[in-house]
Amino acid sequence: MSRALSVGPPKESPIGTTLERHLLDRQRSMPDATGDFTGLFQQITLAAKIIGSRVSKAGLSGILGRTGTTNVQGEQVQKLDEFANQTIVSTVEAGGHVCVMGSEEVEEPIAIPPQYPQGKYVLQFDPLDGSGNIDINASIGTIFSIHRRVTPEGQPGTLKDLLQPGSDIVAAGYIVYGSSNMLVYSTGSQVDGFTYDPGVGEFFLSHPNIRIPERGNIYSINEGNYHNWDERIQKWVDWIKTPTPEKKAYRLRYIGAMVADLHRTLLRGGIFVYPPDIKNKKGKLRLLYEASPMAFVVEAAGGVASDGKSRILTIQPKELHQRTPVFMGSPADVADALRFANA
Ligand code: AHM
Ligand code: MG
């Protein structure tokens, strides 16, 4: 005789929350949602999985493509950042959700081919940030932001759609390819982190509602540039690494990939800074592809993101590849740095 199975919803899901489930729950909570945002996000996630898979074989493809130009299948061995760029473009362009894209790797706006529908969103990204870390197996990442288009629907998007301030971002996030791969994103109200399970091929919610600590004990800056900085930045660094009666010396951590350095800053607290210097008078990092999306995430986690004077999210971009100084992290640590920077 067979025993009846107990029915009804399980009290707690035995599989955890997948990113897909998280996105669908969000969509259902918004009565006017059309599914466009969810669709676009699913394409970004697919691109992240493909890039993550290729990144994890980066050393191998170098060995397999001994000549540096072809691999064993006779295919061209591409630079990984070029591959990442093309992966995002080709997973997103046919989806009908975006009308134009912008990439750190591409000088001009990326149009949606005319055979595909022109969607209502605008996608901007740095396909592989910190790509200098590829050859040494250190962390790298992808950064993205999504805006609503500001030009009339149905038409191809234009530069105007791309030159929007961070305060108008609908969602932004990053994928860090590290000891495990993680996708972290926000739509403004909170920040959630998902860890990739390569056996399943899915991201699972592992870090719900990330909140940055009010103060940390780590500073992150390329101190090799010390002699190229304004003396106010030098004074701040001298202060932060020196113990005083009020504080211990801060520890220095610098991975050299903004995604990885800010991911640590979000989870542990502290500050990440890329100031102007003699070589990079306006800073090094790009406003649209790096600073704005990361500022959106940092602020949604309770942190502060400044260019030294104002909130990064309020900067009105004037050109696609505009650069900006960056001071981001725990509120108390950024306040200290800005006090020195503006003395
Ligand atoms: P990339 O987008 O060309 O990889 O450059 C951006 C990277 C950031 O991830 C990182 O914070 C910074 O450049 C490191 O620069 P530096 O080597 O000057 O410290
Ligand atoms: Mg970059």
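A polar contact here is a pair of N or O atoms within 3.5 Å; within protein, one atom must be able to donate a hydrogen and the other to accept it, and residues adjacent in sequence count only if both atoms are side-chain atoms. Before you start clicking, note that this is a predicted model, in which local features need pLDDT of at least 70 and side-chain atom pairs count only at pLDDT 80 or more, while totals for chains, interfaces and linings use all residues. Residues are numbered from 1 along each chain as its sequence is written, chains are lettered from A and ligands numbered from 1 in the order in which they are written, and side-chain values use heavy atoms, leaving out hydrogens and water.

**Stop 1: Thr91**

Select Thr91, which you will find in helix α4 (residues 80-92). Helices are DSSP runs of H or I with at least four residues, strands are runs of E with at least two, and both are numbered from the N terminus. The Thr91 side chain reaches the backbone oxygen of Ile88 at 3.1 Å. Thr91 is buried, with a relative accessible area of 17% (buried means under 20%, exposed over 50%, partly exposed in between, using a 1.4 Å probe and protein chains only).

**Stop 2**

Glu104 is buried at 19% relative accessible area, and Asp129 is buried at 5%.

**Stop 2: ligand 1**

Next, show ligand 1 and the 15 residues that surround it, the closest being Gly130, Asn222, Tyr254, Met258 and Tyr274. A residue counts as near when one of its heavy atoms lies within 4 Å. Which elements each supply at least two residues of this shell? They include β3 and β11 (271-274).

Zoom in on the oxygen atoms of ligand 1: a polar side-chain atom of Glu104 lies 3.1 Å from one, and a backbone N or O atom of Met258 lies 2.6 Å from one. Glu290 also places a polar side-chain atom 3.1 Å from an oxygen atom of ligand 1.
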